[in-house]
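Me: Please put the structure up first. I will then ask about individual residues and helix packing.

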Amino acid sequence: MLLILGITMILVFTFLIMSKRMSPIAALTLIPIIFAVIGGFGKDVGSMMLEGIKLVASSAALLLFAILFFGILIDAGLFDPLIKRILKIVKGDPVKIAIGTSILSLIVALDGDGTTTYMITVSAMLPLYKRIGMNPLVLATVSMLSLSIMSSMTPWGGPATRAIAVLGLDGTEFFVPLLPTMVGGALWVIFTAFILGKKERKRIGVVDIQYSLVNAELTSAQEQMDIKRPKLLWVNFFLVVSIMIILVMELLPSPVLFLVGFVIALTINYPNLEEQKERIFAHAGNALTVVVLVFAAGVFSGILSGTKMVDAIAKTLVAIIPESLGPFFPTIVAITSMPFTFVLSNDAYYFGVLPILAKAATSYGIDPVEIARASILGQPVHFMSPLVASTILLVGMVGTDIGEFQRFTYKWAILTSLVITGLALMTGALSLM
């Protein structure tokens, strides 16, 4: 019963948001409530929702303060020199722009945090995409794929950290065999960017951009805007670097860190109280939308976990695998991690499902570290999910909705997961049998 209910709920939810029959906020909130009531959990649905909201509260706070932090720095003009430099190098060639996007996002994503990756990459590249008429979904797709490679495989990234912790593994043992896969995955992302750039070049051609004229236009626009702070460029740059270092070293909880960073950035760049109110108000709409979506995603996850639908799906998957396929279990985990992590939060998958899979694998003589490595190979598909807080931020920044983003991205995400799975098998990170 729970299995059928869970699968039906996920299918209905996915169909409604991808067909644009319901908004993500409405679907994330109402669909699980309806199915929980159908399943006889009506009296407990409130507590399940509250548990889910508690689980995502930290992520919501992180996104809120990160949006405000980077928003202030964007207003102050921190990324303007970078935009001008990129514009001078890539000019109006969509192929060069797409490849430049992939390289920038791969580098930034090394810190393992999706919010900072998207804020920096999109802030730097989106004006250029708009200027020459490129599809912003190319920017979103390349950025997402870059993050899915770098964040999922590095031991300090969220998925790997969870897998290592829940199975009690050694980080070095987990990561070193994955290095060739990560390098190959990064090259694949650059190749994907090349393909998408070629399609855009065919659609709009190479746009003739006079750099000197564009530079003059940007400079003129900046002079007209009293919110720019070019004299504080290096101060703001030092602030960002400091925040990134503290984030990677985990000296402070990330929501607290970005709250402190936001307050410092606001005070340094806009000491006048009226200016501070104006800057906060300018970014309030985007921040509120993202936070509401994150809490709605918490409701979905809370009900999915609280009703034990996720447990039923996981146990059924393990039970239906024929014994003859046991030796191929790492590959099976890698493939099934795509749909699992799409419909589940990373916490639900790695803390709820992964231990079940690892335990089943031991009966076939398979080391749990291989199951941990396999579990992160579906992350390119996971990052398409509306349950991922940073993805909600990404689609908001490029001015689209989650359904349109998924329709454009799904084939590239699935292909990327299959490619890195193949690389992991070829390089020995996973055993084929």
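This is a predicted model: local features need pLDDT of at least 70, side-chain atom pairs count only at pLDDT 80 or more; totals for chains, interfaces and linings use all residues.

Me: Where does Ile420 lie, and is Ile420 buried or exposed?
Reply: Ile420 belongs to helix H21, residues 402-427; helices (H or I, at least four residues) and strands (E, at least two) are DSSP runs, numbered from the N terminus. Buried means under 20% relative accessible area, exposed over 50%, and partly exposed in between, with a 1.4 Å probe and protein chains only. Ile420 has 0% relative accessibility, so it counts as buried.

Me: How far apart in space are Ile420 and Gly185, C-alpha to C-alpha?
Reply: In sequence, the two are 235 residues apart. Their C-alpha to C-alpha distance is 5.8 Å.

Me: Which residues does Thr181 contact, leaving aside its neighbours within four places in sequence?
Reply: Thr181 sits in helix H10, residues 179-204. Its relative accessibility is 0%, so Thr181 counts as buried. With sequence neighbours within four places left out, the contacts are Met153, Ile420, Leu423, Ala424, Thr427 and Ala429.

Me: At what angle do helix H7 and H21 pack, and what is the handedness of the crossing?
Reply: Axes are lines fitted to C-alpha atoms, for helices over the stretch in contact, and angles run from 0 to 180 degrees between N-to-C directions. A crossing is left-handed if the near helix is turned anticlockwise from the far one by less than a right angle, and right-handed if clockwise. H7 (residues 136-153) and H21 have axes 10 Å apart. The angle is about 35 degrees, and the crossing is right-handed.

Me: How do the residues of the contact of H7 with H21 divide into nonpolar, polar and charged?
Reply: On the H7 side, the residues include Met144, Ile149 and Met153; on the H21 side, they include Phe408, Trp412 and Ile420. Ala, Val, Leu, Ile, Met, Phe, Trp, Tyr, Cys and Pro count as nonpolar, Asp, Glu, Lys and Arg as charged, and the others, Gly among them, as polar. The division is twelve nonpolar, three polar and one charged.

Me: Why do H3 and H14 count as roughly antiparallel?
Reply: The axes of helix H3 (residues 45-76) and helix H14 (residues 273-306) come within 6 Å and cross at roughly 155 degrees. Angles under 35 degrees count as roughly parallel, over 145 as roughly antiparallel, 65 to 115 as roughly perpendicular and the rest as oblique. The crossing is right-handed, and its contact residues divide into 20 nonpolar, seven polar and two charged. H3 and H14 are therefore roughly antiparallel.

Me: Which residues touch the most other members of the largest nonpolar core?
Reply: A nonpolar core is a set of buried Ala, Val, Leu, Ile, Met, Phe, Trp, Tyr and Cys residues joined through side-chain atoms within 4.5 Å. The largest core has 136 residues, and its largest share, 13 residues, comes from H3. The residues with the most touching members are Phe69, Met144, Phe174, Phe258, Phe329 and Ile371.

Me: How far apart in space are Leu239 and Phe262, C-alpha to C-alpha?
Reply: Leu239 is in helix H12, residues 233-249, and is buried with a relative accessible area of 10%. Phe69 touches Leu239 and Phe262, among others. Leu239 and Phe262 are 23 residues apart in sequence, and their C-alpha to C-alpha distance is 10.0 Å.

Me: What is the phi of Lys308?
Reply: Lys308 is placed in the loop between H14 and helix H15 (309-320). With a relative accessible area of 46%, Lys308 is partly exposed. Although Lys308 is not a glycine, its phi is positive, at about 70 degrees.

Definitions and conventions:
Residues are numbered from 1 along each chain as its sequence is written. Side-chain values use heavy atoms; hydrogens and water are left out. Contact means heavy atoms within 4.5 Å.
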